[in-house]
Amino acid sequence: PNLHLSCACFFRSSACVYDSLASNEFGLIGRSWAMVFLSGGYKVKVYDNQPGQASRAITDISRKQVEELQEAQMLRGKLSATEQLSLLSSHEDLSQALEGAFFVQECVFEELEAKKSVFQAVEKLVGEEVVLSSSTSCLMPSNVFSLVQNRTRCIISHPVNPPYYVRLVELVPHPETLPVVMDMAYELMTEVGQAPVRIRKEIDGFALNRVQYAIIAECWRLVKDGVISVKDIDLVMSEGLGMRYAFIGPIETMHLNAPEGLEDYLRRYREGMKRVLSSFGPVPEFDGEAAARINKEICELIPNDQEHLSARRERRDQLLMGLAKLKK
């Protein structure tokens with residue numbers, strides 16, 4: 001594509017907190033977004049208001065990720081690793097990073113005031129036609145973009161971690177977002193190999209986290225109440241529901257699980273579903289004795305030191321890479 005893309009990836013401004021878990025996590029999201037856009041052949045500019053962080057991010061992308069993906073034959077896009085990396089640059093001056101951009105992707109930590117200030121600063125440096133996009137996982141667009149003057153070009157593009165392997169992107173409009181902006185973001189995400197879905201109006205948690213939190217809540221209740229162990233409830237998902245949900249969703253699952261489709265499924269199982277759902281308990285507090293017990297149980301399976309956690313994350317990414325290859 002001959003359009004110029006600026007991926008403005010912001011991180012925490014205070015040096016003392018950049019190495020915290022939250023800041024590192026969004027650093028990974030920013031790096032992943034850069035790799036996704038590079039795979040589509042776009043020129044990507046990475047900005048960080050912390051001196052040296054943007055250039056270090058590029059080193060990480062170059063040496064540890066893009067080149068390794070090419071060696072594993074999992075590099076996305078039509079360009080080689082060398083060609084993709086030639087499109088990537090880092091900047092410590094925000095105005096330079098934004099120069100010529102048509103799409104800005106924000107990746108700061110999940111704090112409303114930080115995101116609001118980022119977009120207020122960015123808007124002063126870009127033209128009216130530039131799309132402003134946030135990576136927030138659950139903050140409402142009307143709040144994130146409340147300090148932006150022209151909110152018609154604002155949108156949430158919520159990825160799933162890690163975005164390079166898990167292609168879903170939730171596109172969530174501000175109440176004032178123009179349909180053409182949603183269309184443009186949808187086309188861009190599709191072009192760079194993501195799988196965008198349109199959230200038709202803003203809702204707390206969007207779609208993915210509402211579904212995810214519902215699953216987490218019931219799993220938590222079952223473990224808390226002594227119905228099942230942490231190990232076994234994770235197996236319910238990884239060796240049960242997750243096996244088919246990697247390829248088909250819950251509505252299609254119902255449609256396929258009865259001889260005559262969805263209406264037949266509802267006739268057969270409607271009352272049973274309602275009975276089971278009515279037995280669900282209240283929203284868990286996720287703290288106290290239950291949290292300590294569940295944490296102890298998972299840490300016995302996977303110790304929470306960096307060596308073990310890093311190894312499991314590496315395993316996760318390798319398996320996701322294989323699954324993504326299979327789904328092609």
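This report describes the predicted model of one protein chain, from its overall form to two individual residues.

**Confidence**

The protein chain has a mean pLDDT of 90, and 92% of its residues reach 70 or more. Over residues 1-6 the pLDDT falls below 50, although this stretch has 27 contacts in the model beyond near neighbours in sequence. Residues 8-26 also have a pLDDT below 50, and for this stretch the model shows 52 contacts beyond near neighbours in sequence. Where pLDDT is low, the predicted coordinates should not be read in detail.

**Overall form**

The secondary structure of the protein chain consists of 13 helices and seven strands. For 328 residues, a compact globule would have a radius of gyration near 20 Å, and the 21 Å of the protein chain agrees with this. Along the principal axes, the C-alpha atoms fill a box of roughly 60 × 45 × 40 Å. Of the contacts between residues at least 6 apart in sequence, 71% join residues at least 24 apart.

Buried residues account for 41% of the 328 residues in the protein chain. The accessible surface of the chain is about 17900 Å², and carbon and sulfur atoms contribute 55% of this area.

**Two residues in detail**

Val46 belongs to strand E1, which covers residues 44-47. Arg153 is placed in the loop between helix H6 (141-144) and strand E5 (154-159). Val46 has a relative accessible area of 3% and is therefore buried, the limit being under 20%. Arg153 is likewise buried, because its relative accessible area is 3%.

| Pair | Separation in sequence | C-alpha to C-alpha distance |
|---|---|---|
| Val46 and His91 | 45 residues | 6.1 Å |
| Arg153 and Cys107 | 46 residues | 17 Å |

Leaving aside residues up to four places away in sequence, Arg153 touches Glu123, Val126, Gly127, Glu128, Val130, Val131, Leu132 and Val181. Among these contacts are the acidic residues Glu123 and Glu128.

Terms used. Residues are numbered from 1 along each chain as its sequence is written. This is a predicted model: local features need pLDDT of at least 70, side-chain atom pairs count only at pLDDT 80 or more; totals for chains, interfaces and linings use all residues. Side-chain values use heavy atoms; hydrogens and water are left out. Helices (H or I, at least four residues) and strands (E, at least two) are DSSP runs, numbered from the N terminus. The radius of gyration is taken over C-alpha atoms; the globule rule is 2.2 Å times the number of residues to the power 0.38. Buried means under 20% relative accessible area, exposed over 50%, partly exposed in between (1.4 Å probe, protein chains only). Contact means heavy atoms within 4.5 Å. Accessible areas come from the Shrake-Rupley method with a 1.4 Å probe; for residues, only the protein chains shown count as cover. pLDDT is the predictor's confidence in each residue, from 0 to 100.
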